[in-house]
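Here's a walk through one protein chain, going from a single residue out to the overall shape and back again. Keep the viewer open and follow along.

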Amino acid sequence: MDDDFRSGETAAVRVTRGVPLAEALDTGDPGAWTAFDVGVRQMLQYRRAPLPAHDLPAIDTEARLALAVCHPDGRRREAALDEAVAHPVLLPLLVVRAGDWVAPVRERARRLLGEVLDVRAAVHLAPVILRVGRRERGAFGIGLLEGVLRRAPRERLLPLHTHTDRIVRRFAFRLAVEGALLSPGELARRASWDGDTVVQTLCADAAVAAVTGEGDWDEVLEPLLAARSPRARAAGVTALRRAGRPGRAVEFLADRSAVVRACARYVVRRHGTDPLPWYRERCAGPAVEPGAVIGLAECGERADAELLWPLLAHPVPGVRARAVAGLRTLDVADRARLSPLLDDPAPGVVRETAAALLPSAGTLPEGALLTRLGAGRPRHVRVAAFRLLDARGGTAALRAAVALLDDPDAKLRAWAGQSVQRWHPGAGTRSGDPEVGALLDRARHLFSEHVLKRRKWEAGLPA
């Protein structure tokens with residue numbers, strides 16, 4: 001937020017120096033207008049001098065009015081509104097002033113905004129109105145926007161459905177759903193490709209709820225079931241039961257998403273079928289899928305681990321990773337059998353292995369983990385080794401972190417520094433251990449003198 005305000009003040013200064021308004025700030029960015037508003041006040045209050053209305057001949061009329069509409073003096077802001085409303089580029093500042101803290105300014109801006117806000121202006125100003133609407137006095141603009149858009153023809157609102165601002169898209173789709181402006185199929189297609197999870201859920205749920213006839217299911221289910229979004233797929237899978245097609249849910253028992261798998265199991269069970277035998281058969285067969293492996297663990301028993309252990313050697317990395325995750329889910333992770341996977345060439349497998357071994361990090365051989373910290377090892381192996389060493393606590397964690405303080409990997413170096421700063425002697429740390437003192441001295445640049453002395457005192461060392 002501070003960066004936004006600084007950019008707004010920079011834009012304000014540039015405007016006073018004759019830079020055209022459209023060049024001084026991004027007029028299509030709602031945040032640029034609110035930042036400019038604050039920036040003008042900061043600039044003028046810093047100068048401690050009022051801005052004359054007509055003694056800036058080097059700037060054009062729009063720039064002069066923009067500065068006046070944002071002036072710290074409420075009387076100046078109010079006086080500039082009637083002239084500013086005639087310049088379409090300045091309408092975002094009219095929206096800002098409709099939420100002004102000074103009542104006369106606010107009331108005049110609201111009256112003028114109500115006069116000029118037709119459908120075209122509403123579509124254009126929606127991003128600014130919704131941004132200002134989050135403020136204490138911003139509800140008026142949102143109410144005005146809703147009223148205009150609810151009366152607008154359907155085709156005039158389509159640009160809002162593909163707007164780059166997700167807040168605008170959410171608002172537009174809520175209006176579309178409430179007004180039944182989109183068919184179930186259109187809603188399903190929107191849910192399948194929109195990148196915002198709120199829009200995905202809103203449109204998917206509305207699409208399913210809007211289905212009234214048997215013929216509508218195809219145009220709703222197919223986009224949802226083929227969607228990249230797990231939320232959309234989950235809505236489609238759950239709807240299979242209502243659509244009378246529960247058999248198709250079997251296709252999604254091995255989905256890559258946990259929520260989709262859970263929905264598929266729900267539909268299959270409601271249809272009278274236990275998904276567990278299906279998972280067991282898939283995991284024992286040659287064409288095992290990663291989703292089937294973790295799905296078995298999600299609904300299986302500890303005895304099902306016997307099907308997962310052989311999959312640790314599967315040629316597909318995804319299967320190996322899900323097998324490790326499944327063993328952890330079943331709470332049967334074996335340190336000796338999983339430790340070799342810390343050297344797996346696939347980062348996903350090593351990441352899951354480290355997560356599975358975290359509860360037993362204190363029992364892992366420290367020397368083997370320190371060896372994996374070596375600069376010649378793959379980065380994902382080094383990250384997992386440090387994660388486990390850090391989880392051990394005590395001298396082992398401090399030793400590993402200090403060893404990485406000069407590492408060429410910036411992220412590892414930063415992580416190591418944070419580990420040193422939050423380090424405290426553990427129950428297994430030998431009081432007065434000179435190695436601890438030497439390690440803390442090597443990392444003294446990370447502490448104030450007071451904190452360093454306290455850490456040494458905690459470790460039983462002389463300050």
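**Starting from valine 123**

Valine 123 is buried, its relative accessible area being 17% (buried means under 20% relative accessible area, exposed over 50% and partly exposed in between, with a 1.4 Å probe and protein chains only). Before going further: this is a predicted model, where local features need pLDDT of at least 70 and side-chain atom pairs count only at pLDDT 80 or more, while totals for chains, interfaces and linings use all residues. Residues are numbered from 1 along each chain as its sequence is written, and side-chain values use heavy atoms, with hydrogens and water left out.

Back to our valine. Valine 123 sits in helix α8, residues 119-132; helices here are DSSP runs of H or I with at least four residues, strands are E runs of at least two, and both are numbered from the N terminus. Who are its neighbours? Leaving aside residues up to four places away in sequence, valine 123 touches Leu149, Arg156, Pro159 and Leu160, where contact means heavy atoms within 4.5 Å. Leucine 158 is 35 residues from valine 123 along the chain, and their C-alpha atoms are separated by 9.6 Å.

Now zoom out. The chain has 28 helices and zero strands. Its C-alpha trace spans about 80 × 75 × 35 Å along the principal axes. The radius of gyration is 31 Å, whereas a compact globule of 463 residues would come in near 23 Å; the radius is taken over C-alpha atoms, and the globule rule is 2.2 Å times the number of residues to the power 0.38. Buried residues account for 49% of the 463. Of the contacts between residues at least 6 apart in sequence, 60% join residues at least 24 apart.

Next, a pair of helices. Two packed helices are described by the angle between their axes and the distance between the axes. Helix α5 (residues 74-84) packs with helix α7 (residues 103-116) at an angle of about 15°, and the axes are 9 Å apart. Axes are lines fitted to C-alpha atoms, for helices over the stretch in contact, with angles from 0 to 180 degrees between N-to-C directions. On the α5 side the contact is made by Gly74, Arg77, Glu78, Leu81 and Asp82, and on the α7 side by Pro104, Val105, Arg108, Ala109, Arg111 and Leu112.

For a mostly covered helix, go to α18 (residues 290-299), where eight of the ten residues are buried. Among them are Val293, Ile294 and Leu296. The buried residues of α18 pack against α16 (258-270), α17 (275-284), α19 (305-308) and α20.

Finally, some loops. Alanine 180, in the loop between α11 (166-178) and α12 (184-193), has a positive phi near 50° without being a glycine. At 64% relative accessibility, alanine 180 counts as exposed. Aspartate 331 isn't a glycine either, yet has a positive phi of about 60°. Aspartate 331 lies in the loop between α20 (317-329) and α21 (335-338), and counts as exposed at 57% relative accessibility. Alanine 375, in the loop between α23 (366-372) and α24 (379-392), is exposed at 65% relative accessibility.
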